[in-house]
Amino acid sequence: MRAYAASDEETLRVRRYLNDWAGEGLLSDARYQAMEQEAECGLRRTNGFLRLVLFVFTMISASAAAWLFFVTFFQGQLAGNSREQGIFLLVIAALVYAGAEVCVSGARLYRHGIEEALAVLSVLFLCAGLLGVLGRDFTSQGSSASLVPAAGAIVSFWIYRRFGFLYAFVAAMIFVAFLPQYGTASHTGQRLILAIIYTAGLATVALVRTAHRFDYLDEEYSLVEALLWLGLYLTFNLRLSSLSLLADLGNQPSASTAESAGAFYWTTYALIWCLPAVLLWRALRMKDRWLLGLGMVIALLTLITNKAYLRWPIHPWDPMFLGVLLAGVAIVVRRWLAKGPSGVRGGFTARRLSGRDKEWMSNLSSVSSVVSPGPAAGPAEPSFGGGSSGGGGASSNF
Amino acid sequence: MTVLGRLDRWRDQGALTPEQHALLDGLVRGNPCSVFLHLNFLLYAGVLAFVGGLGWTAEAYSQQLGDLVVVAGLTLLLAACLGYCFAKAPPYSGAETPSPNLVLDYVLYLGSLTWSAELTYLEKRFHLLSGQWDLYLLATALFFFALAYRFDNRFVLSLALSTLAGWFGVTIAQTTGYGEASYRQFAILYSLVVGVAGIALQSWGIKRHFLGTYLNIAANVLMMALLSGVFTREGYLLWLLLLVLACGASLWYGVTQRQFSFVAYAALYGYAGVSAILIRNLHDASALLTYFVVTGVTMVVVLVVLARRFGREP
């Protein structure tokens, strides 16, 4: 099923480790060179920035080519005929997907942007084509209307399995989220169906990844599992997924509050506390850094939405307590770990062990000015510079 | 063969000592497992939440608490943060200085944000400078630069650069009023100041590792400003020429220094600028689409060649 040989992907993983270890000074240059030569790989890769730019330009040229083809040959005949336009788009989707396959099998491209853009376009054309073919049927709540998200989910999942693009897995999860509405009109029922699908996915991944604990699929399955946990959490956190949190922060009861006051509401409240606990326990047991990170994020989301869930008044000082709690936990954990032999306790350390962590920190500092609290709002707020992105960093609430 | 298998082979071949093998094998197995990033995330989120709550509380309760209590509280917090940083940080060095502990960077960040909150509060309540916001912003930017260099802190450096941008923005509004052309000129001036300052400090050996932060901000602001000029009705050819020159410089820097973000900037901003001019009077759909097909494919080919020569992932 996979477009790349397992040996190639394993070799790439070896090279990433070697690069990291050499960067951290764990290997001498000479040793690194010798080991790197042993880990030659025939796949063509590029760095992240060029990958992104290649993705963008492939999207532009391929979508323009499809449109040009349509304008040149079919515009007159197919004008107003959405079914035939849809069929045309389905053919284009197949051609574009074939292009992605050729890029991988022929040119040996690996995370190169080009094959990724073609694969993404194939899903977009497929969905647009199905919309065209279904025409009026799509607007009705019939079973044929569910064909678009179902096909989108299946093809996105296929692309993930075939090429390993994690964002294709995310797309599949999003498509799946649209499916339950075609089965039932009940919002509770929709959430339950979605939760069952994500839970089944979680169980499958948990089973499958045990056989890949130390190979190249381990990190990928870890991310997939994290995404499924996130999907499950978002399904159950009614305050987040109903987008009523902002209204709640302004102390205005939202419409969904009145609707969701039954047993299901309180069950989800219990679940949004249980899920982070279960996930953190699993992450610590497996020493899985992605799951641990996600466990922390969803625990934070639970703390943020807790008062809104309980319909308690939100006070201005609540974020201060939250901040003290978060920083306090970090400081206590760091000190506790540092007191262990060689700074290690229970197999965990607060020390940085990888160059990739340094990159993450560098990226975090780069975007810090964007997400820091709003600037000092002067009398004449300019659109350039201070704006809503950083500036002095003080709250604009004054 | 898996990483663990290769490590065993390299140990057997003598390429790795048993100690090296044990260390690397442990790293692959996640033993020990580093929670460095997780703790940083908690500290960062904690500081942001705390300062957000601080500002909100000061705003909501300034009448009940009284100005003296609010200002005294903020001043105490600021003094405590700075006192901690000066007490714990190693002496100043022009070279990269790792933080002595995980907390110091975030205490400094907290102090910087508290300073901003206090200044904002003072001005809003007492109008000390009669609405001269540009002076506050300039003083704050300079203070942040001093802290960023003293404590080798990129979080505060980013704050300093964005506060400096805020000062440029407010200065425009006060001197020339709102206007796209004015903003563009000041954005160009800002990017040149930031770029030249970054290069000068790097050449003097002062925190050389900060150069990337300066140049990334300068390049993006400069190219966005030039690109906005290309979209104007008059005089756009001059802006296009300047944009092409800026993109050329960015491309050259990116390729020679292997900083591929600059190659990406050159490609994206350059393509947008040139396309804006070329398709300006193109109204036929086929011609427009042909343009995007031809230029898109050309860009892909050029970038693939560039990637194969310079940008291969190790």
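**Figure 1. A salt bridge links Glu220(A) and Arg2(A).** In this predicted model, the side chains of Glu220(A) and Arg2(A) meet with 2.7 Å from N to O. Let us step back to see where this pair belongs. Chain A is divided into domain 1 (1-43), domain 2 (46-183) and domain 3 (185-251 + 260-341). How many salt bridges are counted between domain 1 of chain A and domain 3 of chain A? The count is 1 salt bridge.

**Figure 2. Domain 1 of chain A meets domain 3 of chain A.** Here 5 residues of domain 1 are in contact with 5 residues of domain 3, while the C-alpha centres of these two domains of chain A lie 34 Å apart. Together the two domains bury about 470 Å², and carbon and sulfur atoms give 45% of that area. Which three residues supply more than any other three of the area that domain 1 buries against domain 3? They are Arg2(A), Glu10(A) and Arg13(A), with 71%. The count of residue pairs in polar contact between these domains is 3, with both residues at pLDDT 80 or more. On the domain 1 side, the touching residues divide into 1 nonpolar, no polar and 4 charged.

**Figure 3. Chain A and chain B come into contact.** Now we look at the two chains together. Chain A brings 102 residues to the contact and chain B brings 109 residues. About 9100 Å² is buried between the chains, 74% of it from carbon and sulfur atoms. Between chain A and chain B, 15 residue pairs are counted in polar contact, both residues at pLDDT 80 or more. Several elements of chain A each supply at least two residues of the side that touches chain B, among them α1 (6-23), α2 (29-38) and α17 (355-371). Which element gives the largest share of that side? It is α3(A), with 14 residues. By class, the side of chain A that touches chain B has 58 nonpolar, 28 polar and 16 charged residues.

**Figure 4. Glu38(A) reaches Arg9(B) in a salt bridge.** The closest N and O atoms of Glu38(A) and Arg9(B) are 2.7 Å apart. Between chain A and chain B, the count is 1 salt bridge.

**Figure 5. Strands from the two chains pair in the parallel sense.** The partners are β2(A) and strand β1 (residues 33-34) of chain B, joined over 2 bridges. To find one of these bridges, look for Thr349(A), whose partner in β1(B) is Ser34(B).

**Figure 6. Two domains of chain B touch each other.** Chain B is divided into domain 1 (41-176) and domain 2 (179-314), and their C-alpha centres lie 32 Å apart. In the contact, 23 residues of domain 1 meet 17 residues of domain 2. The two domains bury about 1700 Å² between them, with 69% of it on carbon and sulfur atoms. Tyr149(B), Leu161(B) and Phe168(B) supply 37% of the area that domain 1 buries against domain 2, more than any other three residues.

**Figure 7. Lys207(B) and Asp152(B) form a salt bridge.** Their closest N and O atoms are 3.2 Å apart. The count between domain 1 of chain B and domain 2 of chain B is 1 salt bridge. Which elements give two or more residues to the domain 1 side that touches domain 2? They are α6 (133-151) and α7 (154-175) of chain B. The largest share of that side, 11 residues, comes from α7(B). By class, the residues there divide into 11 nonpolar, 9 polar and 3 charged.

Note on methods. Residues numbered from 1 in each chain as written. Chains lettered and ligands numbered in written order. Predicted model: local features only at pLDDT ≥ 70, side-chain atom pairs only at ≥ 80, totals over all residues. Heavy atoms only, no water. Contact = heavy atoms within 4.5 Å. Buried area = accessible area lost by both parts, 1.4 Å probe. Salt bridge = Lys/Arg side-chain N within 4 Å of Asp/Glu carboxyl O. Polar contact = N/O pair within 3.5 Å; in protein donor to acceptor, adjacent residues only side chain to side chain. Helix = DSSP H or I, 4+ residues; strand = E, 2+ residues; numbered from the N terminus. Nonpolar A, V, L, I, M, F, W, Y, C, P; charged D, E, K, R; others polar. Pairing = 2+ DSSP bridges. Domains from an automatic or database assignment.
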